[in-house]
Amino acid sequence: MLVGIGGVSRSGKSTLAHSLVNTLRAMDYQAIVLNQDNYVKHSHLIPKIKDKIDWENPESIDLPLLLEVTAFYLSKFEIVILDGFLVYHFDELNTLYDKKIFLEIDKDTFFERKRADRRWGPIPDWYIAYIWEAYEKFGQIPEQWTGVLQLSGENFSEFEKVVDYLDIKPK
């Protein structure tokens, strides 16, 4: 089973993915998390916006590598969770998902969380605004999709909904 977890930066995708994989392993499933950020191209191959590398651009992802690694792990694990900002942008991936989860936060919450994120040093406000614009352009779920579990990342307390949605029982 391939489970996608999408949403804007700082919406709780990775936190949910790791909580979910821990729960699944406790239920005796072979499960693993793949993060889209581990499949970016070399920085010199990624487009730039002003003086910054444009991590939010779909062209930043090494899609052939991501597809290859996803296929490999699907052959080795019962459940693979792929999380990232752009996980629903690529048609080649979209055809593979068995379950789709989307975390939403509002723009104010995003700005607040992103400004507090100091992993790579201070982020200029213009770039934070650009991340939100890129999310609106590239990070949304396709309108025609049904069966997507949409959750709030504002104050995540709906973990049981995720387990129910996956329809997985302890072995």
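1. The face of α1 that is turned away from the buried side of this helix carries the exposed residues Thr15 and Ala26, where exposed stands for over 50% relative accessible area, buried for under 20%, and partly exposed for what lies in between, with a 1.4 Å probe and protein chains only. Helices and strands are DSSP runs numbered from the N terminus, a helix being H or I with at least four residues and a strand being E with at least two.

2. The model is a predicted one, in which local features need pLDDT of at least 70 and side-chain atom pairs count only at pLDDT 80 or more, while totals for chains, interfaces and linings use all residues. Residues are numbered from 1 along each chain as its sequence is written, and side-chain values use heavy atoms, with hydrogens and water left out.

3. The buried residues of α1 are Lys13, Leu16, Ala17, Leu20, Val21 and Leu24. They lie on the same side of α1, because they cover an arc of only 130 degrees around the axis, the arc being that of the directions from the helix axis to the C-beta atoms. These buried residues pack against β1, β2 (31-35), β5 (79-83), β6 (99-104) and α6 (159-166), contact here meaning heavy atoms within 4.5 Å.

4. As to the length of α1, its 14 residues should span 20 Å at 1.5 Å a residue, and its end C-alpha atoms are 20 Å apart, which agrees; the expected span is 1.5 Å times one less than the number of residues in the helix. The helix is followed by Asp28, whose phi is positive, near 75 degrees.

5. Ser9 sits in the loop between β1 (2-7) and α1 (13-26), and at 13% relative accessibility Ser9 counts as buried. Leaving aside residues up to four places away in sequence, Ser9 touches Phe85, Ile105, Phe110, Lys114 and Ile131. With Lys114 there is also a side-chain polar contact of 2.9 Å, a polar contact being a pair of N or O atoms within 3.5 Å, of which, within protein, one must be able to donate a hydrogen and the other to accept it, and for which residues adjacent in sequence count only if both atoms are side-chain atoms.

6. Lys114 is itself buried, with a relative accessible area of 6%, and its side chain meets that of Asp117 in a salt bridge (3.6 Å, N to O); Asp117 is likewise buried, at 5%. A salt bridge is taken as a side-chain nitrogen of Lys or Arg within 4 Å of a carboxyl oxygen of Asp or Glu, and by this rule the count comes to six.

7. Another salt bridge joins the side chains of Arg115 and Asp125 (2.9 Å, N to O). This pair links distant parts of the chain, with Arg115 in helix α4 (residues 107-116) and Asp125 in helix α5 (residues 125-138), ten residues apart. Arg115 counts as partly exposed at 41% relative accessibility, and Asp125 is partly exposed with a relative accessible area of 43%.

8. Lys169 forms a salt bridge with Asp167, the closest N and O atoms being 3.6 Å apart. Salt bridges that share partners join Arg10, Lys114, Asp117 and Arg119 into one network.

9. In α4 the buried residues are Thr109, Phe110, Phe111 and Lys114, and what covers them includes α5. The N-terminal end of α4 is capped by Asp106, which has a side-chain oxygen 3.2 Å from the backbone nitrogen of Asp108.
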